[in-house]
Amino acid sequence: MVRVTSLTERRHGSSPSNNSNNVATSRSLTRRHGVVEGGRSGGGLWSRQSLALLGAGILVGYVVLPVLLVEMDIEKAMQGLPKLEKQSVKANPYPIAESSNPYLRADQRTLETTIAKITTEAEKRLLEDRDVLSKQSLPTSTTPYVMKTAYLPDHHRKKILVTGGSGFVGSHLVDKLMMEGHEVIVVDNFFTGQKKNIAHWLHHPNFSLIVHDVTEPIQLEVDQIYHLACPASPPHYQYNPVKTIKTSVMGTLNMLGLAKRVHARILLSSTSEIYGDPEVSPQPESYWGHVNTIGPRACYDEGKRVAETMMYSYQKQNGLDIRVARIFNTFGPRMHPNDGRVVSNFIIEALQNKDMTIYGDGKQTRSFQYVSDLVDGLHALMNNDYTQPVNLGNPSEWTIAEFAEHVQALTKSSSQIIKLPKSTDDPQQRRPDIQTAKRELDWEPKVSVDEGLKKTIEYFAAVLKEAGEIIPTGPGAAKPEA
Ligand SMILES: O=c1ccn([C@@H]2O[C@H](COP(=O)(O)OP(=O)(O)O[C@H]3OC[C@@H](O)[C@H](O)[C@H]3O)[C@@H](O)[C@H]2O)c(=O)[nH]1
C-alpha cells in the first residue's frame, strides 16, 4: 500500500514523498521500464505519452509479471511431486490465493512461495501418513488381502465396541467398521472366537483388542456397542449351558450398564431361536415363540429372550438407546470348520468326500443368509431410529435334505448322504418375515445362497489345504476347538 500511495502522489503532481525508499523504488521501476528518458524527450515529465508509458510499465511490472512469476514459482514447486500432491496444491486455496496478490513486494512473494512450499511439504507428509495408515491391515490366512481403511475427521469418527468381535459374524462387522474409518474395540474371551479372524487388524492404530469375558463388568468409553458375544452353534452353546446363560444374562447386563454410564447406543444380537420350534411360518417379529424352557436349547433360547427383555426394561426405565436384531441362520468365510453347524459340516464333509450327515428325516427347514448381508443389516439397524426387534435373514427356505444335495452338487462330491437321529427340540421350520427390515431399514439380502456358498466352499477348501483332514463336529454338545 505504501508503494501505491507514493505512485499516485507522483502521478497527480503532488509533492514527491520525502520517503527516500519510495523515491528509490519509483526510480528503479521507471528505469527498469525505460520511461525516464522517453518521458523527458516527449516534452515534460508528466506529458500524456510519458504517463501512458508509465502506466503500461506499472501494469506490466506490478500486475502481469508478479502473477507470471508467482504462477511459475508454484508450477516449479509442484514439479516432481506426485500427482496427488499436485492436486492437493491446487485444491488448497490459501497459498495460491495469497501468492497471486499482485501488490506483494518481491521479498514478500518469495516468502509467500516458501510458505506455500512448506505447506505443500506438510500436506504431502500428512497425505502420505494417511495413505500408510489406510493400508495397515495385514494379509493373513483368513483374510489374504489388504483391507483399506478410510480417513474420517474427528467429528465423524466413532469409538465402537464389538463384543464377540473375533467370532465369525463379529469379525466381518469389525472389518466394515474399520474400513469406514472408525476406532474399533473388540472384547472377546476366545471361547469360540478365533484370534486369526481379526489378526489382520492387530497393527492398525484404530484397532484395539481386549481379551475379556463379558460376564465380568468392564469400564470403557465408547459411542456404540454391538453386543454379539455368545456361543451360537448348538454343540458349543450346549457344552457349558450354565456359562451360556450367564453370557447372555450377565454379559448383556454388563453391557447395558456400560451403555447407560457412557450414553452409548447398544445393539443386541438376538436370534431366530427365540421363536423356538415355531408354529407359524414365516416368523414375524410379532410372534412370541414356542420354546421348551427346560430343553437342551433353552440355555441359548431363553438366555437371548431374557437379554431382549433386559434391553427393553433398560429402555423403559433408563431411556437407553437400544437396537435388537434377530439373526437367522448365517454362513460365510471364517465360520469355524468345527463349529458343528449345518453349512460348515456339509461343506467340510463334501470336500473330503466323507458322509454328509443329516440329523432326522431332513424335512426340517432353514433359511440361509450370507454374512455380508447380515453385517449390512446390523449396521443399518444401528444407524437407524427404529428400536423394536428386527429379523435379519434371507427368506430363501430349504429343507436340510435339499440343502445337502445342493452342497454335494456344488462341490462335485462323491460323499454319501446319510441320516442320523433327530436332535432334541430341533426347530422344524424356520423362515424370516423381513417386512420390518425392508420397511424400516430399506434392507434385504443381496447375495444369493449359491453365490455365498461358492465363496464359502472356496474358503473351506483353503482351510482344508492348510489343515489336512478335518473331522466335523457331531450333533452332541462339544467343546470348541482352537
Ligand atoms: O451336520 C449337521 C448339522 C446340522 N444339521 C441340522 O441342520 C439344521 C440347522 O442346524 P444348525 O446347527 O446349523 O443351526 P440351527 O438352526 O439349529 O441353530 C442356529 O440357529 C440360528 C442361530 O442363532 C444359531 O447360529 C444357531 O443356534 C438343524 O435341523 C440340524 O439338526 C444336520 O442335519 N447335520
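Which residues of H12 and H14 meet? Val342, Phe346, Ile347 and Ala350 in H12 meet Ile400, Phe403, Ala404, Val407 and Gln408 in H14; two residues count as in contact if their C-beta atoms, placed from the backbone, lie within 7 Å. This is a predicted model, in which local features need pLDDT of at least 70 and side-chain atom pairs count only at pLDDT 80 or more, while totals for chains, interfaces and linings use all residues. Residues are numbered from 1 along each chain as its sequence is written. Helices (H or I, at least four residues) and strands (E, at least two) are DSSP runs, numbered from the N terminus.

**Helix H12 and its partners**

- By class, the contact of H12 with H14 has eight nonpolar, one polar and no charged residues. Ala, Val, Leu, Ile, Met, Phe, Trp, Tyr, Cys and Pro count as nonpolar, Asp, Glu, Lys and Arg as charged, and the others, Gly among them, as polar.
- H12 and helix H14 (residues 400-410) pack at an angle of about 40°, and their axes are 9 Å apart. Axes are lines fitted to C-alpha atoms, for helices over the stretch in contact, and angles run from 0 to 180 degrees between N-to-C directions.
- H12 and H14 are therefore oblique to each other; angles under 35 degrees count as roughly parallel, over 145 as roughly antiparallel, 65 to 115 as roughly perpendicular and the rest as oblique.
- The crossing of H12 past H14 is right-handed. A crossing is left-handed if the near helix is turned anticlockwise from the far one by less than a right angle, and right-handed if clockwise.
- With helix H16 (residues 449-467), H12 packs at an angle of about 60°, the axes being 10 Å apart. H12 and H16 are therefore oblique to each other.
- H12 also passes H16 in a right-handed crossing. Val343, Ile347, Ile348 and Leu351 of H12 make this contact with Thr456, Ile457, Phe460, Ala461 and Leu464 of H16. The residues of the contact of H12 with H16 comprise eight nonpolar, one polar and no charged.

**The ligand shell**

- Around the ligand there are 18 residues, of which Thr271, Arg341, Val342, Asn345 and Tyr359 come nearest. A residue is near a molecule or strand if its C-beta atom, placed from the backbone, lies within 6 Å of it.
- Helix H12 (342-351) and strand S8 (356-359) each supply at least two residues of this shell. The largest share, three residues, comes from S8.
- By class, the shell has seven nonpolar, seven polar and four charged residues.

**The sheet**

- Seven strands form an open sheet in the order S3-S2-S1-S4-S5-S6-S11, with parallel pairing. Two strands pair if DSSP finds at least two bridges between them.
- Strand S3 (207-211) and strand S11 (390-392) are the edge strands, and each pairs on one side only. From one strand to the next the twist averages 20°.
- Strand S6 (residues 322-327) runs parallel to S11 and is joined to S11 by three bridges. Ile327 has Leu392 as its bridge partner in S11.

- Helix H13 (residues 371-382) lies across strand S4 (224-227), S5, S6 and S11, and runs at about 160° to S6.
- The axes of helix H8 (residues 168-180) and H13 come within 9 Å and cross at roughly 65°. H8 passes H13 in a right-handed crossing.
- On the H8 side this contact is made by Val169, His172, Leu173 and Lys176, and on the H13 side by Val371, Ser372, Leu374, Val375, Leu378 and His379. By class, the contact of H8 with H13 has six nonpolar, three polar and one charged residues.

**Backbone details in the loops**

- The peptide bond from Ser281 to Pro282 is cis, with omega near -10°. Pro282 lies in the loop between S5 and H11.
- His263 has a positive phi of about 55° although it is not a glycine. The loop between helix H10 (241-262) and S5 holds His263.
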